[in-house]
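Student: Hi! Could we go through this structure together, piece by piece?
Tutor: Gladly, here it is.

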Amino acid sequence: SAFGNILSCKVVVDNTSDSRGFGFVHYETQEHANNAIEKVNGMLLNGKKVFVGRFQPRSARMRELGETARKFTNIFIKNFSDELTEDEITALFTGHGAIASISIAKNDQGGNKGYGFVAFETPEEAEAACDALNEHELPSGKKLYV
């Protein structure tokens, strides 16, 4: 590598082996890693601005962000395929607060792709929905991830 010896490199992929848009590079020395961060962070690669930084476990990121990390109103939902309609999703989430909007990803045939977003009016409502509905069992036996 232009920045130093790479000990390992991994591109994170989904269950169909498509890139999830991020990965990890382990350099031989901290100096090599710092050099890569300094030179590559913010560059455009294939027309996209990239972020390059030190690895930080989720727990450390959450501690660093503190209370602001819990102030969200838009939640990501997945694993429901075409099993649930938008009306059924609305009914499921309405019990946890006022819904500002729902957006379900659609495939080329107009069916849903099994993921989407539900936006609530307040962070407290969004957090309550996450707490109550994460791993909620759907009629098919699949678990909804929130």
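Tutor: A definition to begin with: two strands pair if DSSP finds at least two bridges between them. Helices (H or I, at least four residues) and strands (E, at least two) are DSSP runs, numbered from the N terminus.

Student: Which residue stands opposite S19 in β2?
Tutor: That is V13. Strand β1 (residues 6–13) and strand β2 (residues 19–27) run antiparallel, joined by six bridges. They make a hairpin with five residues between them, and S17 in the turn has a positive phi of about 70 degrees.

Student: Before I go on, where do these values come from?
Tutor: This is a predicted model, with local features needing pLDDT of at least 70 and side-chain atom pairs counting only at pLDDT 80 or more, while totals for chains, interfaces and linings use all residues. Residues are numbered from 1 along each chain as its sequence is written, and side-chain values use heavy atoms, leaving out hydrogens and water.

Student: OK, helix α1 next. Which of its residues are buried?
Tutor: In α1 (residues 30–40), A33, A36 and V40 are buried. Buried means under 20% relative accessible area, exposed over 50%, and partly exposed in between (1.4 Å probe, protein chains only).

Student: How are those buried residues arranged around the axis of α1?
Tutor: They line one face of the helix, because seen down the axis they fall within an arc of 60 degrees. That arc is taken from the directions from the helix axis to the C-beta atoms.

Student: And what do the buried residues of α1 pack against?
Tutor: They pack against β2, where contact means heavy atoms within 4.5 Å. The face turned away from the buried side carries the exposed residues E31 and E38.

Student: New topic: in what order do β5, β6 and β7 sit in their sheet?
Tutor: The sheet is open, with antiparallel pairing and the order β5-β7-β6. Its edge strands are β5 (74–78) and β6 (99–106), each pairing on one side only. Neighbouring strands are turned by 20 degrees against each other on average, direction ignored. For such angles, axes are lines fitted to C-alpha atoms, for helices over the stretch in contact, and angles run from 0 to 180 degrees between N-to-C directions.

Student: Which helix lies across these strands?
Tutor: Helix α3 (residues 86–94) lies across β5, β6 and β7, at about 140 degrees to β6.

Student: How many bridges join β5 to β7?
Tutor: Five, and β7 covers residues 112–120.

Student: Now the aromatics. How many aromatic pairs are there?
Tutor: Five aromatic pairs. Rings of Phe, Tyr and Trp (its six-membered ring) pair if their centres lie within 6.5 Å; planes under 30 degrees apart count as stacked, over 60 as edge-to-face and the rest as tilted. F24 and F55 are edge-to-face, at 5.7 Å centre to centre and 70 degrees between the planes. F24 lies in strand β2 and F55 in the loop between β4 and α2 (58–65), so the pair ties together parts 31 residues apart in sequence.

Student: What about F76 and Y115, edge-to-face or tilted?
Tutor: Tilted: 6.0 Å centre to centre, with 45 degrees between the planes. F76 is in strand β5 and Y115 in strand β7, so this pair ties together parts 39 residues apart in sequence.

Student: Last one: where is N46?
Tutor: N46 is found in the loop between β3 (44–45) and β4 (48–49). N46 has a positive phi of about 50 degrees although it is not a glycine, and it is exposed, with a relative accessible area of 82%.
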